[in-house]
Amino acid sequence: MTEHLTIAGNTIAYDVAGQGPLVVLAHGIGDSRHSYRFLAPALAAKGYRVANVDIRGCGDSSLGWDGYSRTDIAGDLVALVRHLGGPAVIIGQSISGGAATIAAATAPDVIAGIVELAPFTRAQPFDLGGLVRVKRFRAGYTQMALVIMRGKLKNWTKYLDVALPAKPADWGNELARIEAKLSEPGRMEVLQAMCKTSPADAGEQLANVKCPVLIIEGSADPDWADPRVEGEKIIADLPRDLGELAVITGAGHYPHVQMPDQVVALTLPFLERTLDRA
C-alpha cells in the first residue's frame, strides 16, 4: 500500500515491505520506485524493512517543489528515515546517489551507511576525449543534452535504450509505464530541472561522510567514458577506508534493473556489516 509523507506542503510517496533494519531505496531522474521492482522484494525477503520512495516530483509524489537538487532530495530522504525510525542504509541511484552522500554527511545520527548505484556525486568536467573515443558515452551524452534543451520524451527513451544495454523481460511494459508517467503535465519539466542541477553539492560533502559507502558502477554505463574511474574518484574523495567500489561487467546506468541478482549479492554483505554496527 502506498503511503505519503508531507514535507513543506508537498508529498513524498513510498511503499514499505518486510520487517527488520531499515533500508531506503531512492531512484534516479525520470523514474519512480518501480525502478526497484526486483531489488525491493529481494531485500525484504532477506530480513529488511524496505522503504521504496518516489523522490520529489516523480512517480506518485507531488509536483510543485521549490527545488530539485541533491540537497533537496537528501532532506526528503532524511525526513523519511526519521519518520520511519532509523538508523537506515540509503540505496540511491544516479541523482539519488549524490543525495545519499549529502544525507549521510548531514544526518550521521540516522544514516548508518549508503550504497550508490551509478551515482552522480561529483561535478563532471567536459570530457571531449571520452566523447571522441567511446561510442556509448557519445550516444548517451547526446540524448541527455537534447533532453535538457528540448524536453522531449523521445530523447529520454532513446537515452534509456543506451543506458540499458540489455533489457529485462518486462521492459516493454515498464517502458510504457515510464512513458505514461512522463506524459503527465509537469513531469518532463521535473526531469529537465533535475538534469540541470549540479552534483557539486554532493561532491562537497564527500569529505564529511562518516559511515561506510559502497559504490556500484556498471562497466557499460553511458554516462561516463570510464565508469570505474568515476567510482575510484568518488572513493578517493571520501575519508580514508570508508568506501569500496564494485564494477558489474556489462551493466549500464541501471544495474539494479539489468542485473538485480548481482546488485543484491553485492549489497547484502554490506547491509549485514553496516546495520549490525548501527
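Student: Which residues does W156 touch, leaving out those up to four places away in sequence?
Tutor: W156 touches I29, G30, M144, V147, I178, L182, L191 and Y254. Contact here means heavy atoms within 4.5 Å. This is a predicted model, where local features need pLDDT of at least 70 and side-chain atom pairs count only at pLDDT 80 or more, while totals for chains, interfaces and linings use all residues. Residues are numbered from 1 along each chain as its sequence is written, and side-chain values use heavy atoms, with hydrogens and water left out.

Student: Ok, and which residues touch the most other members of the largest nonpolar core?
Tutor: V24, I111, W156 and M194 do, in a core of 60 residues. A nonpolar core is a set of buried Ala, Val, Leu, Ile, Met, Phe, Trp, Tyr and Cys residues joined through side-chain atoms within 4.5 Å. Buried means under 20% relative accessible area, with exposed over 50% and partly exposed in between (1.4 Å probe, protein chains only). Another core, of 25 residues, lies apart from it, and Y48, L214, M259 and F270 are among its members.

Student: Why would nonpolar side chains be buried together?
Tutor: In soluble globular proteins they tend to be.

Student: Back to the helices. At what angle do α6 and α7 pack?
Tutor: About 150°, with the axes of α6 (residues 153-163) and α7 (residues 171-182) 11 Å apart. That makes α6 roughly antiparallel to α7, a label for angles over 145 degrees. Axes are lines fitted to C-alpha atoms, for helices over the stretch in contact, and angles run from 0 to 180 degrees between N-to-C directions. Helices are DSSP runs (H or I, at least four residues), numbered from the N terminus.

Student: Which residues meet there?
Tutor: From α6 you get L153, W156, T157 and L160, and from α7 W171, L175, I178, E179 and L182. By class, that contact has seven nonpolar residues, one polar and one charged.

Student: New topic: how many residues of α8 are buried?
Tutor: Seven of the ten in α8 (residues 187-196), so to speak mostly covered. The buried ones are R187, M188, V190, L191, Q192, M194 and C195.

Student: What do the buried residues of α8 pack against?
Tutor: They pack against α2 (70-84), α3 (95-106), α5 (135-150), α6 and α7.

Student: And how do α5 and α8 cross?
Tutor: Their axes come within 9 Å and cross at roughly 120°. M144, V147, I148, M149 and R150 of α5 make the contact with L191, Q192, C195 and K196 of α8.

Definitions and conventions:
Helix = DSSP H or I, 4+ residues; strand = E, 2+ residues; numbered from the N terminus. Parallel < 35°, antiparallel > 145°, perpendicular 65-115°, else oblique. Nonpolar A, V, L, I, M, F, W, Y, C, P; charged D, E, K, R; others polar.
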